Each structure stands twice: as C-alpha cells, then as structure tokens.
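Please open the model in your viewer and keep the selection tool at hand. The stops below follow one another, each with something to select and something to look for.

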Amino acid sequence: MRDKNTGFLIALMLPAFLLLGLVIFFPIIKGSIIAFQNYNLNNDLSMVHFNGLENFKAIVTDTNFKFWQIIVNTLIWIYVSLFFQFVLGLILALLLRQPFRGRGIYSGLVFYPWALSGFAIGLIWAWMFNGQFGIVNDLLMKLHLIHQNIGFLSDPKYAMMSVIIANIWYGVPFFAIMLLAGLQSIPKELFEVAEIDGANSVKKLFFVTLPYIKATIVSTILLRTIWIMNFPEIIYAMTGGGPGNATNILATQMINKLMKFYDYGQGSAVGVMIMVILFFFATVYLKVSEAKEEGIA
Amino acid sequence: MNKITHNSLTLKPECDGRTVFFSKKAAFTVMRIFLLALFLAAALLPLYWIIVTSLKGGREIYTYPIRYWPKSLTFENYAYLFKISNFKVYFRNSVLVSLLASLGALLISMLSGYALSRFRAKRTRISFLLAMYFTQIIPTYMIMTPLYTFLAKLGLSDNLLTLMVIYTGMMVAFSTIMGSSFFALVPVSVEEAALIDGCNRIQALFQIVVPLVLPGLAAIFSFSFVNTWNELFLAVMLMNSDQNMTVPVALNSFISKAGVSWGVLSAGIVVSLLPTLIVFAVAQKYIVIGLTEGAVKG
C-alpha cells in the first residue's frame with residue numbers, strides 16, 4: 001500500500017523532473033564541461049578540445065579585467081546593497097506594521113519595484129543618473145550639494161555607488177515584504193509584557209522585535225546574497241561593468257565573456273566559480289534553516 | 001528665578017505630564033508620516049520620471065534646465081516606437097510566451113507540488129526538495145550557452161515555442177516548491193474522504209484539493225508571469241530574428257541602435273512595465289503570500 005502510494009507520487013513528479021533535466025540539469029553539466037574547453041565562437045569550432053584549467057587561469061590573470069578587482073566589486077555590490085536594503089526594508093516594515101487608512105494602496109505603491117525587470121530598472125536609473133540631463137544631478141544642484149554636473153556612470157569614483165543605489169531601490173520592497181510578514185507573526189502579548197516591564201520603543205525593537213524575527217532576518221539575508229550575486233541586469237543596463245573595470249562583478253564578467261567576446265569557455269569558467277561560491281552559501285543556508293526548524297536560531 | 005520656574009512646573013504635574021506625553025506622541029506621528037512620505041516619493045520618482053520623459057517632445061527631453069513637467073504633452077514617442085519597430089509583434093510574443101510558460105509551469109507544479117507535499121518519508125521529501133532548490137541557486141546564464149549551442153544544432157533556437165518550453169522549465173522548480181507549501185496546508189483526510197466517495201486520486205486532486213489552494217495557485221502564476229516577462233539574457237541569446245523578439249530583447253537592441261532617443265526608449269520601457277504592474281496590482285496580496293511561503297527567488 002505504501003509503495004503504491006510512493007510510486008503514484010513519483011509518477012506525478014515525472015513531468016517536472018523531465019523538464020528540469022532537459023532545461024536545467026543537462027545544460028549545467030554541459031556548461032561545466034565547456035568551462036574546461038577552448039570553446040570560443042571566434043575560433044574554428046571543429047578544433048574545440050579540453051584545455052585543462054586554461055580558462056580559469058585566463059580569467060584570474062586577465063590584465064584588462066583584473067580579477068581581484070572583480071572580486072572586491074562583487075563583495076561591495078552584494079554587501080553594501082544588502083545592508084541598505086535590509087535597514088531601509090526594516091524601517092519600511094516597521095512603519096507598515098500598525099494599520100492605517102489606505103495601507104493596502106500605500107504598500108502597493110511602495111512595493112511595485114519588485115515586479116519590474118532589473119534591465120528596465122537599470123535603464124531608468126541610467127537616465128536618472130545621466131551626466132547632462134539627469135534628474136539626480138539637477139536635484140543635487142538645486143539643493144546646492146554639488147556645483148557642477150557629475151558623470152555618475154562615466155566616472156569610476158561614482159559608478160559603483162550609482163548601480164548600488166539602483167539595486168537598493170529595487171531590493172527594499174522584497175525585504176519589507178519578508179520582514180513585515182515576520183513582524184506580523186509576533187504575538188502581541190510579548191509587547192504587553194515588555195511594556196509592563198517598562199521597555200520603551202527602542203528597547204522593544206532590540207529586545208523583543210528583532211530577536212523574535214532573527215530567523216527570518218538570517219534566512220532572508222542569505223537568500224538575497226545568493227540572489228544579488230546572480231543578478232547582473234542592473235549593472236549590464238547602466239554601465240556594462242565599466243567604466244573600465246569599475247563596476248564589473250563576477251556575473252557581469254560572465255555575461256561580457258559570453259555576449260561580447262563570444263568566449264564560451266572563459267564565460268563558463270566564471271560560471272563554475274560562481275556556482276562553487278554559491279554552493280558554499282547554500283550549505284550555510286541549509287544549516288541555518290535546519291537550526292531554524294529545530295528552534296535554535 | 002530658577003526656583004520659581006521649578007515650582008510653577010511642579011504645580012500642575014498631571015498637566016505637565018500630559019503635554020509631554022502628547023507632544024511625544026505627536027512627534028512620533030509626524031515622524032512616521034514624514035518617513036512614509038519619503039519612502040513613497042523615493043519609490044515613485046523613477047517611475048514618474050520615465051513616464052514624463054516618454055511624454056516629452058524630442059527637443060524638450062534635452063533642454064536645460066530640466067523640466068519636471070513638460071510644456072506640451074505628446075504621444076509622438078509612442079507613435080514612433082510602434083512605427084520604427086515591430087513593437088506590437090514583440091509585445092504579442094512576450095504575452096504569448098509568458099502566459100503559456102506560466103500556465104505550463106502551473107499545471108506541472110500542481111502535480112509535482114502536490115506529490116512533494118504528500119511523501120510520507122521525510123527523507124524522500126527532503127531529497128526531492130533539495131534537487132528543486134539546487135536549480136534555484138544556479139545562475140540562469142550558466143544554462144544559456146549550452147542550451148543555445150544544443151538547440152542551434154537541432155535548428156530549434158530562435159523559436160518562440162522553444163523559448164516557452166525553456167521558460168516553463170525555469171519556473172517549474174520554484175512553482176513546485178511554492179506549490180508544495182500550499183498543498184501541505186490541506187489535510188490528507190480531505191482527499192481520503194473523496195477517495196471513499198469513489199473518486200480516483202487524480203479526480204480527488206483536481207476536484208477536491210486544487211480548489212482549496214486557488215489563492216496559492218494565483219500566487220504561483222503571477223510570480224512566473226512576472227519572472228518570464230522580465231527575462232532578458234536567454235531571450236537575447238536565442239531569439240535572433242526580428243519577428244521572434246520579446247520586449248526585453250527589443251529594448252536591448254534599441255540601446256545599440258542609432259537614432260533611438262531616450263524619448264522612444266522611455267516609451268518602450270513604460271510599455272514593457274505595464275503588464276507586470278497590472279499583474280502586481282491585481283495579485284499583490286497573493287504574491288506577498290507566495291513570497292513569504294518559503295520562496296527562493298525574489
């Protein structure tokens with residue numbers, strides 16, 4: 001009886017796994033093989049052969065796109081974005097916790113960036129940061145914060161900051177949605193007890209609210225780390241990784257290798273690096289969610 | 001002098017206390033409204049700006065000082081967008097591919113999500129779930145070149161049906177994970193009752209269980225639609241011919257095309273945002289439920 005049940009359930013899963021095998025698993029294996037081949041569309045494809053770790057070596061020793069800078073950029077891109085997405089998302093979630101008239105419409109109007117494509121957001125912000133006719137330059141001039149226009153996307157000093165601002169804008173709604181759900185799961189009694197004990201709002205935030213949603217915070221941050229690392233669209237639309245190498249992260253380096261240089265071998269090598277790093281994060285994530293299930297975290 | 005002030009303050013302690021309490025509460029409210037307004041302004045400004053740009057005439061976009069409200073509203077950018085390109089065709093392609101892929105993923109994940117929620121052995125369930133999660137952490141662009149080279153050899157690249165199947169596959173894992181968490185909320189006893197009444201298991205699933213999780217299915221569908229509508233790189237790589245382009249591919253080609261101004265590009269961006277904004281407006285409640293039910297991709 002039990003075996004019959006399991007067999008039936010596995011049969012129901014077959015269509016999903018067939019499709020996943022075809023569209024995800026098979027290409028992943030093939031892509032990982034390409035990472036060890038001199039697969040380049042500029043060369044004669046009949047000469048494709050295994051070249052050991054040549055692609056990885058080429059990426060790490062690249063003089064035009066310095067690898068250490070790409071790694072530093074990737075870390076800045078992930079953690080500066082995450083930090084502000086989290087802090088602003090938390091503030092927004094706290095503001096939205098108490099009901100007020102029009103809260104549904106209000107949250108729709110502040111959450112909508114979630115539904116936009118990273119590419120479109122990149123284009124919109126590229127226009128906002130435009131060095132000549134950009135609204136950001138104009139507003140900063142009006143506030144007397146700057147005295148002449150800044151080439152936000154063409155100046156290496158400002159380019160990373162600009163793409164990160166666009167990314168923060170995009171990510172705040174997601175954090176707010178997740179944290180709001182966490183906040184709403186806190187039993188009211190906890191706050192009542194804290195009030196009787198004489199806690200003020202700040203104390204309630206740090207000793208009741210944040211500890212209670214700690215698990216939500218940790219898992220959201222880990223998931224977003226993976227997601228932001230995999231997210232080249234905004235940078236692709238705004239700077240393409242430039243000027244020079246200034247906003248190049250691992251993901252944009254891979255996109256450029258594939259779509260600009262047609263070097264599938266080197267592009268896939270970057271992809272393999274990304275996957276290795278992500279597996280590390282995924283393992284940490286699983287450990288944390290196990291702990292969450294057991295009520296430790 | 002000091003003493004008198006002190007005395008006058010302590011004369012009416014309850015009055016003083018109330019004032020302080022009131023002003024503190026008022027300060028909080030003012031601060032809260034101010035912050036809410038700030039978030040709203042920050043969220044809406046980019047959208048406002050791209051819409052205004054798309055409604056400005058050719059010369060007005062590049063005037064200095066910048067005009068926050070155009071002198072004359074015009075739809076010439078939209079007209080030009082549809083004249084210089086097959087934007088109607090791209091839009092139709094995107095609608096077709098996103099709708100069918102989302103429906104396909106939904107249908108497949110009704111089976112797999114349900115099955116995943118019903119395995120009695122925890123081990124089996126966890127290992128299937130891990131396989132699904134695995135597909136969620138790998139970068140999309142890792143599958144891009146292998147798919148392209150493989151499909152090009154078969155003459156199947158640059159084909160809307162192929163793109164639809166791939167998108168379905170890309171959405172299946174997420175939909176299954178999300179689906180299983182909704183199906184898990186339906187007690188097994190509900191189906192057992194249906195089985196006793198003479199339904200077979202498939203009938204029990206579609207006639208009894210599925211209607212109970214409709215909000216969850218709405219979330220899955222909206223989520224897949226938004227994600228497939230927004231997908232860029234895979235479509236750029238696969239769809240080479242003009243009549244097969246999706247909206248993001250077309251926007252991408254505009255950037256490099258000479259003679260496409262920010263006005264026309266803005267119009268294209270605004271049109272590209274409309275469908276997902278509508279889906280979000282209609283299904284926001286369900287999307288929020290879906291995101292918070294153990295979702296991986298945001």
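Begin by colouring the two chains separately and selecting the interface, where 62 residues of chain A are in contact with 66 residues of chain B, two residues being in contact if their C-beta atoms, placed from the backbone, lie within 7 Å. On the chain A side, helix α1 (residues 2-34) provides the largest share, 17 residues; helices (H or I, at least four residues) and strands (E, at least two) are DSSP runs, numbered from the N terminus. That side of chain A divides into 51 nonpolar, 7 polar and 4 charged residues, where Ala, Val, Leu, Ile, Met, Phe, Trp, Tyr, Cys and Pro count as nonpolar, Asp, Glu, Lys and Arg as charged, and the others, Gly among them, as polar.

Before going on, note that this is a predicted model, in which local features need pLDDT of at least 70 and side-chain atom pairs count only at pLDDT 80 or more, while totals for chains, interfaces and linings use all residues. Residues are numbered from 1 along each chain as its sequence is written, and chains are lettered from A and ligands numbered from 1 in the order in which they are written.

Next, select the whole of chain A, which has 13 helices and 0 strands and whose C-alpha trace spans about 80 × 75 × 30 Å along its principal axes. Of its 297 residues, 41% count as buried, that is, with 20 or more other C-beta atoms, placed from the backbone, within 10 Å of their own.

Within chain A, select helix α8 (residues 188-196) and helix α9 (residues 201-212), which pack at an angle of about 160° with their axes 11 Å apart; axes are lines fitted to C-alpha atoms, for helices over the stretch in contact, and angles run from 0 to 180 degrees between N-to-C directions. α8(A) and α9(A) are therefore roughly antiparallel, the term for angles over 145 degrees. Show side chains for Leu190(A), Phe191(A) and Ala194(A) of α8(A), and for Lys204(A), Phe207(A), Val208(A) and Tyr212(A) of α9(A), which make the contact; 6 of the contact residues are nonpolar, none polar and 1 charged.

Finally, move to chain B and select helix α4 (residues 76-84) with helix α14 (residues 262-292), whose axes lie 8 Å apart at an angle of about 80°. That makes α4(B) roughly perpendicular to α14(B), a term covering 65 to 115 degrees. The α4(B) side of the contact consists of Asn77(B), Tyr78(B), Tyr80(B) and Leu81(B), facing residues of α14(B) that include Gly263(B) and Val264(B).

Note on methods. Angles under 35 degrees count as roughly parallel, over 145 as roughly antiparallel, 65 to 115 as roughly perpendicular and the rest as oblique. A residue is buried if 20 or more other C-beta atoms lie within 10 Å of its own, exposed if 12 or fewer, and partly exposed in between; C-beta atoms are placed from the backbone.
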